[in-house]
Structures are given as C-alpha cells and as structure tokens.
Amino acid sequence: MRRLCALAVGAALAFALAAAPAGAQEGKKVFRIGWGQEPQTLNPFIDEDEEDFVVWSINWRLLADFSTKDLGPVPGIAQSWQVAPDKKTVTFKLFANQKWSDGQPITSADVKYSLETFAPNSLLFGSYVDAIASIDTPDPLTVVLHLKSPDARIVGGLFVYILPEHVWGKQSVKSLTGSYKPKMPLVGSGPYVVTQFQRGRIIRMERNPYYRGPKGRFDEVQLIKYGNADAVERALRLGEIDFDREVDPSAFARVGKQRNIKTIQAPSPSFTQLAFNLCNERNCPDAKFNPGVQDSVVRQAIAYAVDRNRINQIANRSTSFVGHGLLPQFYKSFYAKPADDYPYDVAKANQLLDAAGYARGGDGIRAKGDTKLSFDLAVRTESPFNIQAARLVAEMAKRIGVEFKVQIMSVDKLTEITTQKKRGKMAPDFDTFIWGWGGDPYDPSLLLNLLTTKAIGGSSDSFYSNPEYDRLYEEQASEFDPAKRKQLVSQMIAISQRDLPYLVLTVDPVLQAYRSDRLANVQRLCPAPNGDAICEQVTGAPFTTLSPPLAAAAAKDEGGGSPLVFVLIGIGVLIAAVLAFTLRRRRKSADEPVELEV
Amino acid sequence: MTDVALTAAAAEPHEGGVRELLRGKRAIFGLGVIGFFLFLAVFGSAIAPYDPRASSTAVLEPPSLSHPLGTTEAGADVLSQVLVGARVSIVVGFSAALISSVLGALIGLVGGYFGGWTDRGLDALENWFLVIPQIPLMIVLARLLSPSLFVLIMVIGFTSWAGTARVVRAQVLTLKERPFVERARSLGASDRYVLRVHVLPNTLPLIFANTVIIIAVAILAEAALAFLGLGDPNSISWGTMLENAFNAGAPSAGAWWYVIPPGLCITTLVLAIALVGFLFEEYVNPRLRER
Amino acid sequence: MTFRWLAGKLAAALLTLVFVLIFNFFLFRVMGDPTTQLARLPRAAPEEIASLRHSYGLDKPLLGQFADYMGDTVTLDLGISQRTREPVWNEIAHALPWTLLLVGIGTVLSVLIGAWLGVIAATRRGTRSDSGLLGFSLFTYAAPEYWLGILLILVFAVAIPILPAGQQVTPGKEFDSWLAHAADVAEHLILPVATVTLMLLGQFFLIMRSSMVDVLTEDFITVKRATGLPWERVVRRHAVPNALLPLVTISAIQLGAVVGGLITIETIFSWPGLGELTYTAINDKDFPMLEGTFLVYSVGVIAANVLADCLYFGLDPRVQTA
C-alpha cells in the first residue's frame, strides 16, 4: 500500500512537471492578435463579417491601396493610373515583376477576373464595379476599364480584392458561392498570407516572400480565437496575446489602467443614427407612420433636444465620438463640420415647436390638430448600446414634449418593418428607429447613397427623396478631383442636415489595446495621426512597421504555469494522504477475527 | 429536478418531536421567503431607490452608500434591478406553472379516466415529453418564435406538463378502482359528473403539490433561457441581470456585487418553493410520511 | 421474459426517436421555412429564393420532403451550418468528445463525492454535520449552475488567479508533447468539471442519503450489528452496495437535466463542446445547427435511458427473477 502512495505522489509530480509551460518558441517572432469572433470561411464570395475583412486586408492588396496617412489612393497592385479626358476610361498600369505568394506572376488577367467574375458574383463587392461596362487587358501589365458613366470610385474607392485567377478561376462560380472553402495557403499579395485556419482556435499568417514592400519584422502573425471579448482581455493581461483588436466599451477605461497595456480609441467610418420614416405618398402609398415624423421642424427640434454628448458618455461609456452629420470625421479628405450641427439646446427646441403650433396636451405631449408627437422608436435587441441610446433619446425628448416609445425587437423584425413591400411598392411600418451604417475607408459614396431616391427599395431605410440631393450625388460620384468633390459633398451634407432624414448620434470607435512591452513602432494610422494601430479592415501596411520590442529582453509570461505546479503537487500530496489514511484503517480492521457472514 | 431526490430530502424517518419542530421551522422559512419575494414582485418597483434602467457614467462600481449593491455595466443601480427583477421571475414562474399544471392535469385526468387508446396515445406523448431534454426543447422553441414574456411563459408551460400528467394519471388510475367511484357509476352518474365530483377533488391536492414544484422549475428555466439570450429584451429579470453581467465581463472585472445578488435570489426562492412544495407533498401523500 | 423485456424497451426507444425526427421536421422545415432564415441577405431576389427552395427540395410535397429528411438523417447528413458552411455533423463530431469529457468526469466525480457525502450524512443522521451537508446539497441543487460557475471563476480565476477561466487549452500555444497538451487541457478542465460536479452533487447526495437511511433501518443490518460486526464494516460492506443501486440508474436517467446544464456551463467557460455550439447557434440563428444539436441531445438522452434500463436490469436481482 505504501507503494501506492509513492506512485500517486510520483504521478502528480510528473504531471506537474510536464505541465510546465513549453518555453517560448526559440527565435521565431510572433505577433499574436486575440479576438472573440472569427471569420466564417474567408471566402470573399460569400462572407460578410468584419473579421473576414481583417484577414483579407492583410492577405490581399487592392488595385490602389489606401494610404495609411490619409486613406487616399496609393499604388497597390497598380503602379499608376490615368483617367481619360472623357472620364469614361481609366487605365491602370501594374508593377512589373510582381508575384503572388506562390511565385506566380500577378497580371492583368487577375485584375480582370476579380473585377469581372469575382466582384459581381460576390455578396458585398458588387456595387463597386457597377459602373464598369467592359475591361480590356491589352498586355499583362495594363488594365483598361471602360465605364458606363464617370465614376470617381474607380480611383480610390475600388474596394475589390484582387484575387489570383489561377487559384479561384479553377472553381465554378456556383461552387464558389456555395459551400466552397478556400484552400490553404491563401495565395495573396499582402505582407502576410494565411497558411492555416484552424476553426475555433487559430489563424496563422506567414510572411509573403514576394510581397512588394518592406519586409515585416514578425515571422508570423497569429489571430487567436477566444470565447468572448472578456477572455481576450484576460489573455492580453496574462501575456498570451500582444494585441486585442476589439475592446469592449464597458471595459475600455479599466483595461487602459493596467500596467504595460496601452489603449487606442480611433474613429471609424461607422456611425449610429436615429432614422425617421420620410417616405412620401408616391414612393410608399401603403406606408404606416405618424405624420408628425415628416415635419422637418419636429425633426430639427428633436435634434436640438438630444444631447449627443450625453449619449456618447452614457450609452457608449465615452468611448465613441459625437456625430456631426452623415459623413464621419474619419473621411479626412471629404469631411467638414456642417453649419447646421444642432448643438444641445433644449430652449431652442421648445421654441421651434411652440412657433410651429405644437401645443402641449394634458399628458405633456405636444400635438397639433390630429398629429400627436408620440413616436415608436424601434431598436434591435442585439445591441445593448443602441438600446441605451434609445432610452436616452426618449428621456431627453420628453423634456420638449415629444414622446418616444422604445420598442426592442430582433434584427430580423427591424429589417422586416423597414423593408416590407405592399402591392409591389415599399411600405415601411415604423416612425423612427436606431441603427447603424459602416462606410468604405475612403470613398464617401456608400454613405451618401443612403439618402438618394434610387436607393429606395435597396439600401435606403429613411426613404428620403430629394432631387437636388440626387443631382449633387451624381455630380460628386463622377468628380475625380478631390477638392471639387469635397465642395459638392459639403453641399449634400448641408441639405441632409437641414432635412434630417438621419440624426447621426455617435460615430463608432475602433477600440484596441496592446502590450506596450511586447510591441514597438506602434503608430496611429488610417488616418494619421489618430487612427488605429493595424489599419484593420483597410490595409496590411502597418504589419510591415510593427515590430517586437527593441530591447532584447524577452517578455516573461505572467501567471499560468508556476502556480499550477504547486496546485498539482498539492493535489498529489492530498491524494496520497487520503490513500494512506484509508488504507491504514483498512489494515487495522483486517487484523480483527474473521466474522461469520450470515 | 427530480421528485425522487427532493422527496428523499424532505422525508425523515418517523422519530421524535425534534423532527416535527424542524418541519414547522422549514415551513415558516419557506413561506416567509416566498412571501418576501411576492411582496417584491408587487412592490419592487415602488421601493426601488433608482429607476432600474437609468444609466449613468458610474460603471461597474463596487457597493457604496449611494449604491448599496454597486452598479451595472451601464451605471444602473444593482439593488433596484434586483428588486424589480423579482416580478418577471415570479410572474413567469407562476404563469408557466399554471399553464403546465392545467394542461398536465387535464391530460392526466382524461387519459387515466377514459383509458383505452386515448390513454395509450396520451401516455406515449407524455413519455416523449419526459424523455426529451427540456432546456434544449425550450431553446429551440424560443429561438423559432420571437422572445418575449408571453413566448417564454408559453414555451415553459407547454414543455413541462408531462410530470404533472404522469402523477395525476397514476392517481386517477387508483381512484378509478375505489368503491365510491364504482358505486357512482353503477348508479348511472355521467363521466363528467364522476370526474368533477369524485375524481377531481381527490386529485387536486396532488396537482397543487406538483404545481408548486413546477413553479421552481419554471423560475430556473426562465433564468436559464434569459441567460442564454432568449429572455424578453424589454424586461429586467434576475436571469437577464446574469446575462448582462456575463456579457459585460463582470466576472473578469471582479464585479461580485453584480453577480452574486441575482443568483442568490434565484437560489433562495427556488429552495423555499421546493421546500414548501415537498412539505405539501408529504402532507398529501401519506405514504411518504411513513418512512 | 428477460430478452422480450429488453427488446420492448429498445423498440420503445426507437419509436421515441422516430417521434423526435417527426417533431424536428415539423418544427424546422414546416414551421420555420429554412429559406427565409438561410437567405442572410434580406433583399435576395425572388429567383434566388426560388432556386434555394428547389435545392432544399422545398417545392416537393410534404411527404416527399419528410422521406428526404429521414434519409438524410440516417446517413448523418444534417445539413450545412449557416455560419461556417461546414457540414453540421462535422462540427458536432468535433465538439462531442469535449462534451463527453466534461460530462463524463463531472458525473463520475459527483456520483463518487455525492455518494460518499451521502453515506456520511446518513450515518450521522440528525447531527449538525448532517444538517450542514443537507443544506449544502440543497443549495447547490437549487442554484443555477451557470451562477455557480461564475462564482468559481470569480474566486479561482479572478480573485486568486490560479486557474484559467475559459477554453479547453491555452490558445495559440504549441505543445512539445502529448503529455504537455493533456496537462494543459487538465488545467482548463478543473473549473468546468467542478461546476458540473457541484450541479449534480446535490441529487446524488440526497438519493444516497435517503437510500442509506432506508437500508440502515432494514432488518438485515440490525442482524449484522447484533452479531458484533464493527459499525463501519457494516456500513461499508452491506449498506453501501445496496444503497448504490438506485444511484446508478438515476445517474443515467438524469442525463436530460445534465444536458440543459451543460449548455450554460460550456457557454461561460467557452468550452468547445456541444453546448457552446448550441449557444453560438442560438445567437447566429443558425437553424441547421440548432436542429442538429437538438437531435443529438435527444438521441443521447434516449440512449441513456435505454442504458439505465439495462443497468437496472443487470444490477437489480429482483427484476431478473420477476
């Protein structure tokens, strides 16, 4: 029996020793990013999650990449481009001797495939190539795009990854849009390419030997999957990862206070808005809504009454940015603070409504004739922040005699009430709702398009229709000169701020955190000087400058290994003790005389 | 929760006055706790010091004088949420249990009394519902329909009737053979009369005892569904509090004040209900008392 | 009688299984039209929806669809996960071992510890330790298991950070040996298993205790005592084995309750088992996955019940001679 004790203790010790953490990989420099959600399949034909974009933007270049300084177009696959005087032909010249990560040359055939076959058949990239009528490839380094009409997005906004035709062209479009799973390694043109996608665990990206650009300092980039944002944060603290790409707003302030952890709060091209149902009789004869919502004075009063700062502070824990109109500040080249900005002014709001003849009723809610200012405010249950914003809006509107009845519903239901049709025409059934949009990194067209008449039936969910706005949209869409374009955009913003189909409440932030003792050369990019550290979803360029700490000292792993050794030894000793105890008692009773078993 | 295990807990061998006293004590504890939570369900929102939904910038703060149980990830007062949360848990628990009982009793009565193919069919249905894992079934149903309080009550009610049905059926089967029932029927009494006057009154105590247990099960079910994100997004319950706490990373933040109270309330209420339920069951089922 | 009885039980189980399939079919194919749920883009063109319907065979008559469904299920074609585009069965097959590991160890531990505590309580009936143990068991029994898990995380992973609070393995780590890998998994197993054990402990304790109390008051025990055997020996050699019988069978039957608990437990520990698959499926509204996991749970519980019947049959001498 004593042997058993010894065995137990011995086993426990052996176990404990074996459990001692394997020493850090000698020599290999790895950059570890942690996230709580992983991409679906990395197939750009069908995937739509932002995690996919994070990986794609590192793996593949665009024809013209986004500059890390101001997001404007810089050479990517293409070295240069020329817009013909009639603005309907754009010629791209590719770099000579460019190669894919598998050694094959990058040619105009790849560009043609991507723009002609990939983009139109994909879920998300179709709209960027709408204006292209035909594509010529006179030689392997030249691509000529013939446009149906001038489209400024072709330069700087052609957000279509250039895929290797010799890999993707081998599959039928049917299978690519079905259940096709990309083969590893994911042949690409970016600084790192995916070599392993272990679902639920890790995505490994290794240096692309043929990348045209400075060599990344890290040998490998790993994207490690954790159960949730909480676990990622803990991993960062423990040193299991170097970078957390999406810190939860509730945790942001706390995370920044930790030793050796720096946080980043950068603007993004996404915002959260309060939308109003502005569908007119012609476009939506069967729409259901409170007519009060279509009086612009009412909307302007609401805009004055809602303190967007407070929403940022409370609903978003001060991590987001106050919204100033349809185009977020992120769009450095085109953004200008609108003249009609609606600073928080309850008195003014009340004034406007009084002057317009909306008198308060017995219950404190204003009404004029049959129209009572009592609106439904739909918000999706998937976003606690949106829900809080909705409640704050309702709270603040009460002070000016406007009632918002917050209705929390699933995203499916919200989609339904904003897209339903009757008798072939749109028939949205809502007064107001809170939701969000995310734009492209450089080109403002995606966001501006939301308020055009032709977007009704497509992406317009405010159903705003203004011929002047539409005209300006077409003009800016075909204006290749950024300065002139900015002018046109400002005019559009002014109109949208006057009519307020959307009251943009806050601009979503990119919240990141990293270990300052494990990462060096961290710059705030995309756009500089206060963008994010990895230009996530935009470009893989930062991965060529981020580097391990300059000091040679390797970071020590905190926590994890050593306490466990003691725990296991402790358990082993405990087991041994219990065994010894019980066995000794057994031996004692065995010494007693044999009993007669009845 | 099995009847077997908890019956085992409540049943004590027939010895000594100490046990009688203890039983009284248990009853007082159980009823007292239930009464307390019922009071909260009704008056919770009135006595809550803050609006449970009022957010502020004081995020995840530990207990203080102004917030005795600290604040949530939205800066709301935890104590207020706990007080108000009682209502949903109790309403869902009681309503779902009511539906479940009525349904189960009806099915048990009809099957047990009429026998034959009706009984066989209902029995098969009963067995199926007993075998199918309850929580996954509730999850599937709740996900297919849009989560709301009504849906929750319906889903829980319609998936937990089998236990009651089984118990009622067994009781009805024994009653059927009793002399007074046979006599009534030989005298020409209709089935409905016999059911109403003879069978039902004798089964009611059993149904009631079973219902009480189902209330506890329903409360746990609501909390579990809410925790998984299938609760009513418009209401605050102990389950949604735990869901929000977990999603907001309260455990990692060490926010014990946010995590402990709702769970403790669920546990205490469930314990009290189960206690009272089994005391009642003991009373109703004399066989249990003899052990 | 013996084989007929067993065969009867198996037939009943099979019938239940068929009902599960019918129920599944009704719920997921009839009640919830897969195409509206599968078309992630709400503004899909009508032609696309029509072709989707055709590829899922939704334009066939109901009976035809059901026949397809049965055929598919038997060949383990449970559809494609909406999120990962992997076959549902593959995902389930990957996750199942992790769940079995967790539940298996947890159940065994809770039976052992619960029984051990139950014996102690029964032999000290009426004393403080009995009440204490009773109180403890009732508490863990009534408490929501995910709450217990969160409490464990608070104490052992946050306040005294000695244990990991999630996953089954330290992510991103390279393991030099199988043993190191196993040790890492073991480290990550501790808290989830502890939670499962606590969740199940209560009922095994209560059953064992009451069962022991019964046995201890039976005649043959009194006889044993009268012959002068030391009390401990009586307990260990005679009382315990007899009290164990209901415990064994109950543990198999309780699988239904365990299933509910493991979903929430795996969620809080990000344990990559069936429960976590279910949880992500709930959030993603991935109906093929929900359907698949539900089927697996049902089959598991039905199988466990059959197993319990066999065990009961094998262990209880009374049944055999009936």
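Biologist: Why does A:Glu220 count as buried?

Modeller: Its relative accessibility is 1%. Buried means under 20%. The value of 1% falls under that limit, so A:Glu220 counts as buried. Keep in mind that this is a predicted model.

Biologist: What makes A:Glu220 and A:Lys28 a salt bridge?

Modeller: Their side chains meet at 2.4 Å, N to O. A salt bridge needs a side-chain nitrogen of Lys or Arg within 4 Å of a carboxyl oxygen of Asp or Glu. The 2.4 Å between A:Glu220 and A:Lys28 is within 4 Å, so the pair qualifies. The general idea is simple: side chains of opposite charge can pair when their charged atoms come close.

Biologist: Which parts of chain A does this pair tie together?

Modeller: A:Glu220 lies in strand E10, residues 220–225. A:Lys28 lies in the loop between helix H1 (2–19) and strand E1 (30–35) of chain A. The pair therefore ties together parts that are 192 residues apart in sequence.

Biologist: Is A:Lys28 buried, partly exposed or exposed, and how do you know?

Modeller: A:Lys28 has a relative accessibility of 37%.

Biologist: What makes A:Asp230 and A:Arg234 a salt bridge?

Modeller: The closest N and O atoms are 3.3 Å apart. That is within the 4 Å limit, so the pair counts. Both residues lie in helix H6 (residues 229–238) of chain A. They are 4 residues apart, about one turn of the helix.

Biologist: How do you know whether A:Asp230 is buried or exposed?

Modeller: Look at its relative accessible area: 7%. For A:Arg234 the value is 14%. Each is under 20%, so A:Asp230 and A:Arg234 are both buried.

Biologist: What about A:Asp517 and A:Arg515: what do their side chains form?

Modeller: They meet in a salt bridge, 3.0 Å from N to O. A:Asp517 is partly exposed at 26% relative accessibility. A:Arg515 is buried, with a relative accessible area of 2%.

Biologist: How many salt bridges does the structure hold over all chains?

Modeller: The count is 30. Some salt bridges link into a network, made of A:Glu50, A:Glu51, A:Arg245, A:Glu246 and A:Glu536.

Biologist: Now the cysteines. Why is the link of A:Cys279 and A:Cys284 called a disulfide?

Modeller: Their sulfur atoms are 1.7 Å apart. The rule asks for cysteine sulfur atoms within 2.5 Å, so the pair passes. A disulfide is a covalent bond between the sulfur atoms of two cysteines. The angle about the S-S bond is 55 degrees, and the link of A:Cys279 and A:Cys284 is right-handed.

Biologist: How many disulfides does the rule give over all chains?

Modeller: It gives 2. A:Cys526 and A:Cys535 also form one, with sulfur atoms 1.8 Å apart. That link is right-handed too, with 95 degrees about the S-S bond. In sequence order, the bonded cysteines of chain A pair 1-2, 3-4.

Biologist: Are the cysteines A:Cys526 and A:Cys535 buried or exposed?

Modeller: A:Cys526 has 2% relative accessibility, and A:Cys535 has 0%. Both values are under 20%, so both residues are buried. A:Cys279 is buried at 1%, and A:Cys284 is buried at 3%.

Biologist: What makes E12(A) and E22(A) a pair of strands?

Modeller: They share 12 bridges in the antiparallel sense. Two strands pair if there are at least two bridges, so E12(A) and E22(A) qualify. In E22(A), A:Tyr502 stands opposite A:Ala275. E12(A) is also joined to strand E21(A), residues 432–438, by 7 antiparallel bridges. There, A:Phe271 has A:Trp437 as its bridge partner.

Terms used
Residues are numbered from 1 along each chain as its sequence is written. Chains are lettered from A and ligands numbered from 1 in the order in which they are written. This is a predicted model: local features need pLDDT of at least 70, side-chain atom pairs count only at pLDDT 80 or more; totals for chains, interfaces and linings use all residues. Side-chain values use heavy atoms; hydrogens and water are left out. Buried means under 20% relative accessible area, exposed over 50%, partly exposed in between (1.4 Å probe, protein chains only).
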